[in-house]
Amino acid sequence: NRVKVKVKVGTFKNGSTKYKTKYKCDSCNKLCDKIEMDHINPIVNTEDGFVDWNTYINNALCDVTNYSAKCHDCHQLKTQSEQKQRKTKKKA
């Protein structure tokens, strides 16, 4: 609910205000029609990579405080960055 924003989009014939619900990205503050929930601490750690299924499941089913609302573009950028970090770490 903290990312929901009511945006005025016009008026109805009876004169009452027409609103649309938008969502605010935590990264770029852009208002979007849809939002993606991102794990602040990634499911697969960028340092250790995949450890085991129990760790993976515990990280995936985390507390709500580990989520961040992001637009699609910001979520993709973060995910790609984490994947690069894991690949770099894996090569080392």
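Which residues does Asp-38 touch, not counting residues up to four places away in sequence? In this predicted model, Asp-38 touches Asn-66, Tyr-67, Ser-68, Lys-70, His-75 and Lys-78. Asp-38 is found in strand S4 and is buried, with a relative accessible area of 4%. One of its contacts is also a charged pair: the side chains of Asp-38 and Lys-78 meet in a salt bridge, at 2.9 Å from N to O. Since Asp-38 lies in strand S4 and Lys-78 in helix H2, the pair ties together parts that are 40 residues apart in sequence. Lys-78 itself counts as partly exposed, at 22% relative accessibility, because the range for buried residues ends under 20%.

Confidence in the model was examined next. The protein chain averages a pLDDT of 93, and 99% of the residues score at least 70. Within the chain, confidence is highest in strand S2 (residues 17-24), at 97, and lowest in H2, at a mean of 91.

Helix H2 spans residues 72-91 and has 20 residues. From its first C-alpha to its last it reaches 29 Å, close to the 28 Å expected at 1.5 Å a residue. Buried residues in H2 are Cys-74, His-75 and Glu-82. Viewed down the axis of H2, the buried residues fall within an arc of 105 degrees, so they line one face of the helix. The cover over these buried residues includes strand S4 (36-39) and strand S5 (67-70). On the other side of H2, the exposed residues are Leu-77, Lys-84, Lys-87, Thr-88 and Lys-91. Gln-83, also in helix H2, is partly exposed, with a relative accessible area of 39%. Between Gln-83 and Asn-54 there are 20 Å in space, C-alpha to C-alpha, and 29 residues in sequence.

Three strands form an open sheet in the order S1-S2-S3, with antiparallel pairing. Strand S1 (4-11) and strand S3 (31-32) stand at the edges with a single partner strand each, so one side of each is left without a neighbour in the sheet. S1 and S2 run antiparallel and are joined by seven bridges. Lys-6 stands opposite Thr-21 in S2.

The structure holds six salt bridges, including the Asp-38 and Lys-78 pair described above. In another, the side chains of Lys-20 and Asp-33 meet at 3.4 Å, N to O. This pair links distant parts of the chain, with Lys-20 in strand S2 and Asp-33 in the loop between S3 and S4, 13 residues apart. Lys-20 is partly exposed, with a relative accessible area of 39%, and Asp-33 counts as partly exposed at 45%. A network of salt bridges links Lys-20, Lys-22 and Asp-33.

Lys-30 forms a salt bridge with Asp-73, and their closest N and O atoms are 3.9 Å apart. Lys-30 lies in the loop between S2 and S3 and Asp-73 in helix H2, so this pair ties together parts that are 43 residues apart in sequence. Lys-30 is partly exposed, with a relative accessible area of 40%; Asp-73 is partly exposed as well, at 46%.

The loop between S4 and helix H1 (53-60) contains Asn-41. Asn-41 is exposed, with a relative accessible area of 52%. Asn-41 and Cys-62 are 21 residues apart in sequence, and their C-alpha atoms are 9.5 Å apart in space.

Conventions
Residues are numbered from 1 along each chain as its sequence is written. This is a predicted model: local features need pLDDT of at least 70, side-chain atom pairs count only at pLDDT 80 or more; totals for chains, interfaces and linings use all residues. Side-chain values use heavy atoms; hydrogens and water are left out. Helices (H or I, at least four residues) and strands (E, at least two) are DSSP runs, numbered from the N terminus. The expected span of a helix is 1.5 Å times one less than its number of residues. Buried means under 20% relative accessible area, exposed over 50%, partly exposed in between (1.4 Å probe, protein chains only). The arc is that of the directions from the helix axis to the C-beta atoms. Contact means heavy atoms within 4.5 Å. pLDDT is the predictor's confidence in each residue, from 0 to 100. Two strands pair if DSSP finds at least two bridges between them. A salt bridge is a side-chain nitrogen of Lys or Arg within 4 Å of a carboxyl oxygen of Asp or Glu.
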